[in-house]
Structures are given as structure tokens and as C-alpha cells.
Amino acid sequence: MEQCFTAAYELVRPLFWNSDTHNFAEDISINKLLAFNKKHNGIHVNDDKRLVELMYHNFARDDSRYCIVPLSDNNRNAVKAFSNIYQMAFDAGTGDSESLADAIATLVEMKRSRPQEKMSADLASIEADYYQLIQKGEELQILNNNKERYAHIKSSFEHLNAKIMEIGKQHAILSRQLTKQKSTYTSSHQQASQDLSEAQSAHQVLSNQYNDLDKKQNQLAGVITQLKNTLDATNQQIVTAQQVMSEHDSTNADELYKSLNVDHQQLAAEQAALSDSEQTAQMLTQMVSQQNNHRQQLDKKKTQAQNIHSLLLSQVAPHTADVLVSLNADFADVAMNLTDAHHRVLDDFANFFTTDSDLLAFEDLVLPNTQTQAFNAEEQATQLRQDIEELEKKIKNIDKKIKEINLTMADSSGESRRKRLTEIAGKIATLDTHLNALKRFDIAMEDLSKYRAELTDKQQSQQAISDELKELELQKRQTSQRLNQAQSKKQQLEENSSKFEFYDTGLKQISKATNHQYYSEEDIENYEVEYVQTHNGNQLELDVAQINKLIAQAGDLVTEQAYLKSEVIDFTKEVPNERVDTFKEIQNLVQMGQIVDAYNTSFTTLAYQQNVQTQQIAEHNNIISNQLKEISDAHQLLTDSIATINKELNTHKISNLDQVRLKLHRHADFNHVYKLYQSYDVTQTKLMGREFYQSLISYVDKHASKRTGLLKMRDIISKISFEYQKSDGTITDKSQSGGTTSTITASIIAILLGRIFMPNSSFKMPIIIDEIGDLDDTNTKTIIECIGQHGFSAFCATPTQRTSVCQSVKRWIHVDYNVLEHVPQVADCVLNIMPEAINFWGTQEDSSSELGLDDESVSNHDSSSSDSSNKESDLAIHRTRTSIDSHEVS
């Protein structure tokens, strides 16, 4: 933006207007204006900051005559606030609700007193601090685990640094290489081509190996996924079987299977028997017989239990009891009183046998079909009790079934039979599921171990391939480096023919900067051998980059040993350090030294850093508290500012309203952030959860400045609406009439502008009020008075002339009476409104002579209502509906 400030208006006017022809000056031009400005010692400003200072903030200085609007602050925020507020006059009839929010937010932002208040909390930075603290704790642990490793790297670096040759030696080597290149260019180019071909071949071989292994690893991944799915299915079978065993209080799947299979067979038999009456009767007979048999067995078992101590095997020696029960298990149920003779015979007989192995042996002769069994009286008693309980349970079940069958046979309708058949079918279906799970239990247990072993084997194979891929990746990088070097060398050789002159000039500059001394051929050869030995077989290459680097740095050490570089790179990736960029290529010795030094500080101050960690966490939480309080304070300041505006707005009565209030609507996400501030305890010494920061940062991402990352007052406001209180006490937010809305808008503009201007400044500034003729007389008077009390002039427009409007504003013009007599220089600028075209209300003292008006241009209305002393009166434009309505006013 460019602006000239020069002489008084009377001197400047002829540059734009020809009073004789009543037309614009014919030779208007920038050059003419600049020449006039220079002649009168004017100011030519093209600096935005200086222009803002002159136009808006130099009201009390020597150059104050250039001030257009005396704002309280000399900055862009103040100008932006003024622009937003003034824009409201043009948006009043467009339905735009953003201008008011923009104006108030910018005005409040400008008026905030402390530097800290001019910005909201940088929550993104606070979140970054949080993650840094988390990372710092992890770094401290890693440092503690890598002390010896770092000592090794540091020792290796110092050893390497001692071997690096001085820049003068490098200059000698490069000078000798240049001489050789000039003389052996053809042979060198052929060798470079051969090296490139070999490097390409080696790289291709490694790439093929890598691709084959990668394919194999992908196949293994599929096999592992399938094994995991099979394991899950097998586990589900085992769980089902275990649930069935748990339901039946059993730990042996085979025994439970047999037991449930018996139940299944019985249910199937009952199902078949219930198919007709004859089979039902037969089944009932069988059950009665079976029940009698069970009762007999029960009586026998009870008798044995009562005579448990009179059992034969309980009275003999343990070895004798084991031999007898191994020969025939029925000895366990024999009860009789033994005499001494019995004891001697039985013991002598038993001594012929040995029970030391799984098979019984007679006089050292193993009986292959006789298993050794151990007799235990307590177990025998326990087994008797279990048998008794099982028999009682069976008797009870059979009694129940007999009753059910009797009821079924007695039911002539057949309903009981059908109901029982349905019940049996359900039980059989359930038993089928349980029997299948039990049948697969042992197999599933074996398969589970087998699948787990196979999965472990595949995972180990996968890890081995992964390790091999990593090794190949390293070899590929090294081969790629070799390939790049070969390509670069060949390209350099091809380009060297045009660079020899540049090399000569550069080497001379290096020689002068380093005070190069003469070296013999033997010395240079020794230097070359030493350089290759200390740089992992790499020669010092003559190229443009090397020459430029030596010229610019004059002493910088650039080459490093590949093995140590690899170690340092791996170390920096595994041991993080805030001063080390792991993605930055290590190009010279200085960078490597910086890395070693950076880690040296970390390792030597490790104990101190651990002690500081807790203190930093406490400070971090305190910062969060302070930063979030800024949001609360900003919200309070905005609320207080709107309350003050509401108070001043209601000093004038508008239409039939008792009160008009601005109502602040905050963004929903700001409300969420504000609640977070109130809900979290930031005085604790532990770091808060990640969700705390994520909630805050999501608000910042949405509302913060993309350039600075800071929040603004405008980010708090969702919108600002009007709330009206009528004379009957009712409150509404519905839109009022156009006249009432215009009155409120003009009043707010006047109030806001009054707050932005420099204190104690006095000047008249127009506030635009369109369609003032639509207002009633009361609102017309209210709006003019409100604007006047705040030090402004009303600039109004209306298509219809009304006496009350003329009486309130005092001055007015008819725009369509002032059409240019000449062809306009600008097509849309067809009007020419001069001071003599202004009409007045009442009598104006000396106004006719001052403005060049005749008596006919002054309206003859009631002079009692005129204000002859007000030479800064408001102005109304009367727009008649003519053919020039669509043009601009000049």
C-alpha cells in the first residue's frame, strides 16, 4: 500500500478538480501527485507499519494532521478492530451475524492489558512437553543400560580422530590425483565402467536373495496364522469337554464318556420303547427287574461296608494282600475271620511272589498277563461308599422312570407319552454333543501340544528369516553405497574433462588458505596408503563437492570410518538423545564429535537428570494450570466486556423494548475444554493421562492460528445474538422490525467505536445508517442522539424524504440532482455532489456565504427546531428512484 501526505486541501484540490469547468482535472496522474508531494515537502509512505502509525495513531504528535482515525493502539489488531466494527454498518441489512462477533472479539483482544493475555494457551506446546517428559524417562533408563556400550564408542571415536590426516595432506593427495586424472583419464574411465558393472551385478544378486526370503517369510506368516486358528478351534473343543466333565464332577473323560454313553443307550431304549404300548410294558418289566438287582447289590455293598474290618485282606500283611488282590480282585470282597494257621499259610504262599515291578513274578518268573495291584483298605472303603452312593442314585432314578412310565401308560390321551418323547429327544441331542466333545478330548489334548510345538517351530523359523533379512538389508545398503560410488565415480570421470580448470583454481585457493608446503611423491604415496587404511578402504576422491567443502571449511575433517559410523547410527537409533537427529546423515567428523559430546553430557549427568525429572513434572503441571487459567480469564474478560456493552446499550430506550442484550454463544468444543480445566487436579506430581492432552489439542487443531499455533478471542465465540426484553417483561430472541434492528446496530457501532479511539480525542466520524426512512420518529431520534453522544455523525440514506428525518439530521442532499455535465472519466461515477448542494434544516449562520449557497437551496422549515451552531451536523442522502440509482456517487 502506498500513500502521500502533503499540503492543505485547498492546495491539493486543483490536482483533482477544475472549478472553472466544474469537472475533474484532465491530467490526473500518479507522477503529477508525486511531483506535487515532493514540491511541498510532503511525506511519501509505502511501509505498512508507518502508514498505520500516521493514519491511526499519531494524534498527539507533530505529524498529527495526517491522522485520519486516532486509534488507542498502534498495531494491526486495532486497525482490524476498527475495520470489523465499521463493516457492521454495511452488513446490517445482509443478515451477516459474523461481523458483530468479529468486531467484539478483535476489540477485546486489542484491549487486553497483559502481554500474556494477547494470546491463549499454546496447548500443542504443552502436549509436546508432556510427551517429552514421557520420552525423557524412557531415555534415562536406556542411558543406564548402555554405559559400557557408549564407553566403547567414545574410545573408538578418539582412536579414529587421532588418525585423521591434516587438510594439507588431503590437499597434496588431491593435487596428485588431479595430475593423474589428466594423464590417465581414458584408462580410469574404463576401470570405472568395469567397477560399475560388478557393483550392479552384486546388487542384483542380493536383491534376488532378499526377495526370495521375503516371499518365504510371507508364506510362513500364512502358515502361522492357520496354526493359530487351528489352536483356537482345538482349545474350544477342550473347553467344551472340560465344561461337560465339570458339570458331572469327573476328571476322566473316558469314564465319563462310558457313563454318559450308558445314559444315552438307556434314553434311546426308552425312546424306542415308548413307540408302542407293548414295548413300554416290556421296558417297565426290565426296569423292575433291574431295580431288584440293584437293591440286592446295594444290600451286599452295605453289608461289606459294615464288615469292612473283617475283610480277609485287611487282616493279612500288606505284601500278602497285594499278592492276593493281584491274582484275583475278588479277594478284596472276601470277609472271614483268619486263624493263625490261615495267616501262616497265606504268608508262606505270598512269599513265593514279588511285587517290585508292574508285573507279578513267581520265584523270579514274571507272569506276563498278571498286573501287580496294590491293596489299600482306605481306598477299598472309599470305593464301597462310592458304589453305595451310585447304586442309591440309580435306584432313585429308576424309581422315577418307573413312575413316569406308569403315568404314561395310564394317560389314555397319549399327551404324557408325546411330552416324554420330546424330552428324551432333547436329552439325546445334548448327550450327542457332550459325547462328541469327550470322545475328542484326549486327541485334542495331544493335538494341542503338537500344534503348539509346531507353532513355536514356525515362529522360530520366521524370526531366523527376519534376522537374515536384516543382515541382507545391511548388505544391500552397503552394496547400494558401492553402486552409487561406482556410478558417481564414472560420472565424475566423464565430467572431469570440463572441471580440470575448476579443480586447478580451487586447489590453488586451498593451498593459499592452508599454507601448503611441498610434499615429495613418496610422502604423498604414504599419505594415500594411510588414508585408505583409516577410511575402511575408501580413497579420498577428487570432485566438485570435495573441493568446495575444503575451500569453505579450510580444515574441516570429512571422512570417517564406515564401521564406526554404522555403530554410531545403530547407537543413536537405540539410545535417543534430544540433541541428536537420527535421520540426519553423518557427513563429517565434526558431526560425529557432536554426537559423542552430546551423549557424554547425558551419561555424566545421568544421576542429576533423574533427580530433575520429578521436579520438571511438577513444573509441567503448574504450567498447564497457568495456561488453562488464561483460557478461563479470556472467557471472563469476554463475558465482562459484553456485559459492559449491554449496560451502555440500554441507556437509550429503543422502540417498545425495556432492554436489549447481546448474548454470547460459546463454541461447544470450548465448553468442553473449559470443563476439563475445572475437572482435572493439576497440582499432582504425576503426569496426567494422554486423553487429557488429546482433548485439549483437538480444540487447538481446530481453532488455533495455523501460523502461530495460538488461540484467539474469536475462537471462543460461536455467535453473538440479540435478546430482547419487552415492556411486559417477556424475553425473546426473535428478530425485531427492520427499524428496531437498524437502531440497535447503529447504537452498537457507536459504542464499539467509542471504545477503540484514543482517549480524550475529539473528531467527527460518520456512521452509516441505510434506509433511515423506515424508522419511526422515536427510533430516529434515539439513534441520532446515541451516535451523537459517542462523538460521531450519522450518515444516512433513504429513498423517501421525511420531515422528521430532516429535522433530526439537520442536513441532506438529493443525489439525483447532481449528475455530471461532462462525460465521466469512470463509467460508473456519474454524480458530482458539491457543498452548495447541501440542504439545511432551519437557519444556518453565515452558512450560505461559507458554502456558496443561495437562499433557494435552504429549506424554509420551522426555525425553532434548528441548531444553527452545529456545523458538524449529521447528513442524510435523499435517493429518488431515477435512472441513475444503479450508479456510484462521486
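Are E723 and R661 buried or exposed? In this predicted model, local features need pLDDT of at least 70 and side-chain atom pairs count only at pLDDT 80 or more, whereas totals for chains, interfaces and linings use all residues. Residues are numbered from 1 along each chain as its sequence is written, and side-chain values use heavy atoms, with hydrogens and water left out.

E723 is buried, as is R661; buried denotes under 20% relative accessible area, exposed over 50%, and partly exposed the range in between (1.4 Å probe, protein chains only). A salt bridge, defined as a side-chain nitrogen of Lys or Arg within 4 Å of a carboxyl oxygen of Asp or Glu, joins E723 to R661, with 3.1 Å between the closest N and O atoms. Because E723 belongs to strand β9 (residues 717-726) and R661 to strand β8 (residues 657-666), this pair ties together parts 62 residues apart in sequence. Strands (E, at least two residues) and helices (H or I, at least four) are DSSP runs, numbered from the N terminus.

E723 also forms a salt bridge with K663, the closest N and O atoms being 3.8 Å apart. This pair likewise links distant parts of the chain, with E723 in strand β9 and K663 in strand β8, 60 residues apart. K663 is partly exposed, at 38% relative accessible area.

In total, 8 salt bridges were counted. One of them pairs K302 with E392 (3.9 Å, N to O). K302 lies in helix α11 (residues 277-306) and E392 in helix α15 (residues 377-410), so the contact ties together parts that are 90 residues apart in sequence. K302 is partly exposed, at 34% relative accessibility, and E392 is partly exposed at 38%. Elsewhere, a network of salt bridges links R176, E521 and E525.
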